[in-house]
Amino acid sequence: MQRTTIQTDRAPQAIGPYSQAVRAGDTVWLSGQIPLVPATGEPVEGDAAAHVRQVFENLKGLAEASGGSLQHVVKLTIFLTDMDNFGLVNELMQDYFHEPYPARAAVGVASLPKGVDVEMEAIMVLDGD
């Protein structure tokens, strides 16, 4: 099966030896996104809500660059350094996803790259409409 890497300016550039996203067949794996502003590569300013929105915007940019949308996401994994933000993520997620919602996991972690408080990765299936 052929693998294709996805590259877009609508999400932060990789900060290590990995691709922003990889497509194999009709499945696309979106690498973990943290709340970096794509144009600067620096964390977005603001509160936890601003951080979560930036991550969703980064995932949205990758999904669209991959030929789909967030509605093609079948699995979303969320990493939080503060599980008190779990409710906030649920609330904001409804601005970006609609039923049927993707399968999901939320994991509490001690730390994330660049000292941010949230990271999300996703799996999309493009012909699953």
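**Exercise 1. Which residues does Phe-56 touch, leaving aside neighbours within four places in sequence?**

Solution. Take contact as heavy atoms within 4.5 Å. Set aside the neighbours within four places in sequence; Phe-56 then touches Leu-70, Leu-76, Val-89, Leu-92, Met-93, Tyr-96, Phe-97 and Met-120.

A note on the source: this is a predicted model, where local features need pLDDT of at least 70, side-chain atom pairs count only at pLDDT 80 or more, and totals for chains, interfaces and linings use all residues. Residues are numbered from 1 along each chain as its sequence is written, and side-chain values use heavy atoms, with hydrogens and water left out.

**Exercise 2. Is Phe-56 buried or exposed?**

Solution. Buried means under 20% relative accessible area, exposed over 50%, and partly exposed in between (1.4 Å probe, protein chains only). Phe-56 has a relative accessible area of 0%, so it is buried. Phe-97, at 1% relative accessibility, counts as buried.

**Exercise 3. How many residues has the largest nonpolar core, and which have the most contacts inside it?**

Solution. Start with the term: a nonpolar core is a set of buried Ala, Val, Leu, Ile, Met, Phe, Trp, Tyr and Cys residues joined through side-chain atoms within 4.5 Å. The largest one has 27 residues. Leu-30, Phe-56, Leu-59, Leu-76, Phe-97 and Met-120 have the most contacts inside it.

Next, find the suppliers. Helices (H or I, at least four residues) and strands (E, at least two) are DSSP runs, numbered from the N terminus. Strand E3 (27-33), helix H1 (48-65), strand E4 (73-80), helix H2 (86-96) and strand E6 (118-125) each give at least two residues to this core. H1 gives the largest share, 7 residues.

**Exercise 4. How many aromatic pairs does the structure hold?**

Solution. Rings of Phe, Tyr and Trp (its six-membered ring) pair if their centres lie within 6.5 Å; planes under 30 degrees apart count as stacked, over 60 as edge-to-face and the rest as tilted. The structure holds 2 such pairs.

- Phe-56 and Tyr-96: the ring centres are 4.9 Å apart and the planes at 25 degrees, so this pair is stacked. Phe-56 lies in helix H1 and Tyr-96 in helix H2, so the pair ties together parts 40 residues apart in sequence.
- Phe-56 and Phe-97: the centres are 5.9 Å apart and the planes at 70 degrees, so this pair is edge-to-face.

Finally, join the pairs. Phe-56, Tyr-96 and Phe-97 form one aromatic cluster.
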